[in-house]
Each structure stands twice: as structure tokens, then as C-alpha cells.
Amino acid sequence: MSTAGAADRLASYRSKRDFAATREPRGATAAPDAEGGRRFVVQRHRASRLHYDLRLEMGGVLASWAVPKGPTLDASVRRLAVHVEDHPLEYFDFEGVIDRGLYGAGDVIVWDWGTWQAHPPDTDPLDAVERGELHFDLDGTKLQGRFVLHRRGGGDQWILVHKHDDAAVGGWDPEQHPTSVKSGRTNDEGAANPDEEWLAPTEAELEALDDLGDGGTWRVGGDAVRLSNLDKVLFPGRDADDPITKRDFVRYMTTIGPHLLPYLSGRPVNRHRFPDGAAGDGFWAKAVPANAPNWVTRWHDPAARAGRTSDYIVADRIATLAYLANEAAIELHPWTARIEDVTRPTWALCDIDPGEASSFDDVLVLARLHRVALERLGLEARPKVTGKRGVQIWIPIAPRYSFDETRDWVEALSRAVGAVVPELVSWAWRVSDRAGLARLDYTQNSPSHTLVAPFSARPSPGAPVSVPLEWNELDDPELHPDAWTIRALDDRLADVGDPLRPLIGMPQELPPLAPVRKRVVAGAGSAAR
Ligand code: MN
């Protein structure tokens, strides 16, 4: 399973495509950690004929079968599955339009994803495919249980069946489950926005916002949203800068939409609202207001107790961001779980919360220790500055752990990190008992806690923004946790983009921590001090 092997396996994929023309990824040659590589994806692909592409990560590529009628949980059904060329790992979350005239022209959504395991577990999957028979378990959002792929004759035609197990469901039809697990959208909705998942407002739409006076109806992305008090100051200026009006904030929230919405779509969002501006008092809002536009996506919590919030906003379009900006929702806090299963978070979060006596250098020491620990555990993660004083570490995880399991895991990680630098960290619950030290707040991994979204603003002068970083940016002496404001983000996005975005939806498993704790401590200490 060498890197060169993975590259060779992509020769057929590359020879069929013109990467100057298609939005599909060319594919890097770097093979992942062989241990970590057990993702699967099913893409619903409306090409000249509708089919579902089942892809299993093995040997540094995505081994692929096109299933015309789609996989099913119905164990009485045999599906034709055509073995097609290996695809690069970067194809894992590909969703979008392949333009007319190109190979595979049509539209693609991420219909399901998760992890897979060969059966029995010691099977060499490359070998099994070579032999023409692979038994495997899928743990996805839609697909669960044991499947078998076996080759029929000597060609590319295989048969896909679901075994009679607990996950089998008679009569189960993939066409009854048409939305993307990545974006929540259907193929039709994806095809309507061919250039990007979400389009920022057009120049004409932004001019119309400027011409709106103090309020009125703004049309953006095909939706109409009522805006009010647009000239009101929402944020004082930083230093000598002009203050920021609600109109400025509506413009920011909608133009940042293509970067912000990937963190919000498919999740309820809690809002920290400041109707009197960032200098005034804020309050938390969870429920959908009765007068919210009818096009705002809502999620009803079937488990909500009487008298508690039961209906939430799901921000999945640009106009919803304009609506939220208009209600002075300065901070957006998406849930860490998606609406498909709100009991299973998709992010494990480490919140480095500085105390009165903590310097930003102290915070950086703690953040770098997290980096060392996570690298040793083989986990992908990224830091992000909060826009205030702190740094958070976001770790994408498979939606299979409860909040309790996730919190316990982060606590174990945090305690291992904290043990390296006990002089910087307090475990006291009350702020007044912490002697000004930092807290590694693992309790954020709970359904009732949320952290500020990447690219959300904070209620401080100048409207600073929470921004994801590359790990090596922690070593930049110019780094400040509130350096970027809503007026100063364009250059950064042009230069660095969003280092966290490729990690969205990565179904990582949380490795057991107890045995590695000692090694983490020993290694992290020498690397960081
Ligand atoms: Mn296809």
C-alpha cells in the first residue's frame, strides 16, 4: 500500500478526465495512514443514467462500484454493481456539478458516508477484490449492516447484496432517502448552484442592500428578507476605525456565507443576540421566532420536553444569514451533532479558555501540546482562534459516540495535556477558584453547550471573527486571537482559505486514550518546552 501504488491506481481515473475543465479533484499522491483508512461514501450521481457510486477506502484510493439502482437494506434484493476505476481520496466528499461534455457529466451529492470494515476483520480488502468476493460491514448515516460484493463471471459486473442481519429492512428503497448527508440538499438543489455549494450575494444584490435606506425588503439568492434599522451601529469601531452598522454586518454575514454555511447546514443553531449592539447586553435565542420567514429551514426536536424549546433554525441558505444578521445574532453557535441524530456529535472540541493570569503565549503552549497529542493519536484536527482571547481545537469524529463518551475522551486528552504544564492549568469548576489559570473546558462536549462557529463574529469593538488556522500558524509571532475582523478577512481567505473545511464530516474514531497518555505526556513535554 505504498504512496506510489496509490498514484498508479489513479492512472485510469486521471486519463478519463480534463482537470482544467472539471470540478472533480485530481487527487494527491499522498496515501493516508493505513490504519485510519476505512471510510466509505455513496454518491448519488445523475449522469446520462442515474446511479449510485459506492466507494470503499483501501490502499490509498477509493475502490468504486457504480450501482444503477442503488444500495438497499432489503436483504431479498440483488443489485448489479459495475466495478469502475479507483477514485482519489479527495473524491470522498465531492458534491457538485460535472459540466456537460465532460466525462460523467451530471450532478453528484454525497448520499451517504461513514466507515466500513471488511469481514472477517483480518481480510486484506485489496486481495478480496482481486479474488472477486468482499464481505464488509457499513456504518453510515443511511446504510448499516453487512453487505457482500461478488464478481459475476470474469468482467466488471458484480452483485451487491445485504445480508439478513439486524440492520436489514425489507422494502427499503434508496430513492426514498434522497438528500445529501453532507449538505442536506437533493441533486436538484445542488444542480441549481453549479459553481459553489453556496453563492455569495451578487454585486447587484449588494448594491440593492446599499440602496435600501434604513430598512425594507432585500432579495438575495431568490429569497426575500425584511431588514430593519440598517444604519444602526452594531459594533463600535476598533481604535480609530468607523463603527460597524447593521448593514455592514448583513453584508459580512451574507458574503461570508459560502465559508460559514458548511458549519451550519444540517444542524440547529443557537444565536447570541445583541439587539442594542455589541456594547449592550446579549441574550441567547434558540427557538424559531413565530414571524420567521417561511423559507427558513426548521428542525423540530421530537424529544423536547413540554415547555422547552422544540423548534430550531437550521441555517442552510444565504438569506437565512441575512435574517439572523437582522435580528442582531452576532454569534452563531451550531450544535456539534447533526439533525439526523442529535445524540451523536460529529465534532470533539477542546476549548482552551484563558484565565485572568494566562498570557496568549500560555494558550499557545497548550494548543501546541494538543497538536502533539493528536498527531501521536493519528487524528486530524485544526486549531481556531476564538476572536476573543482563546484557542479551540476542532476534531472531526464519526457520529457514533454519545456526548458522554466524547466528553470523557476529551477530558482524558485535556488531563494528559494539562499534566505537562500544571502551572498553566486549573481544574477548578469555579472561575474564582482558578487563581487566574487557564481551563481546558471538556464540558463543552455536551448537547447543551456549543462553541462559536468558524467565521462567526464576536461582540467586541471592530467585530473580530473566529478563524480556523493551520497548525504551523500557532508559531507565528504575529498571531493574535482577535486579529481578524469582519473588515479584514478577505485577504486571509485569499491567502490561506479555510484549513478546517476539508475536515468537515471526516468520520474519525476516537482511539483509546489510557495507554497512550504516558507517551503523550513524555513526547509533548520535550517538543513544547
Ligand atoms: Mn458515477
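Mentor: Start with Arg400 and Asp139, whose side chains form a salt bridge at 2.7 Å, N to O. The term means a side-chain nitrogen of Lys or Arg within 4 Å of a carboxyl oxygen of Asp or Glu. This is a predicted model, where local features need pLDDT of at least 70, side-chain atom pairs count only at pLDDT 80 or more, and totals for chains, interfaces and linings use all residues. Residues are numbered from 1 along each chain as its sequence is written, and side-chain values use heavy atoms, with hydrogens and water left out.

Trainee: How many salt bridges are there across the interface of domain 1 and domain 3?

Mentor: Two, by that rule.

Trainee: OK, and where are the domains?

Mentor: Domain 1 is 6-192, domain 2 is 203-334 and domain 3 is 347-527; the bounds come from an automatic or database domain assignment.

Trainee: How many residues of domain 1 and domain 3 are in contact?

Mentor: Seven from domain 1 and six from domain 3, with contact meaning heavy atoms within 4.5 Å. The two domain centres, taken over C-alpha atoms, are 33 Å apart.

Trainee: What about the area buried between domain 1 and domain 3?

Mentor: About 580 Å², with 49% from carbon and sulfur atoms. That's accessible area (1.4 Å probe) lost when the two parts are put together, summed over both.

Trainee: Which residues in domain 1 lose the most area to domain 3?

Mentor: Arg39, Trp113 and Thr115, together 49% of what that side buries.
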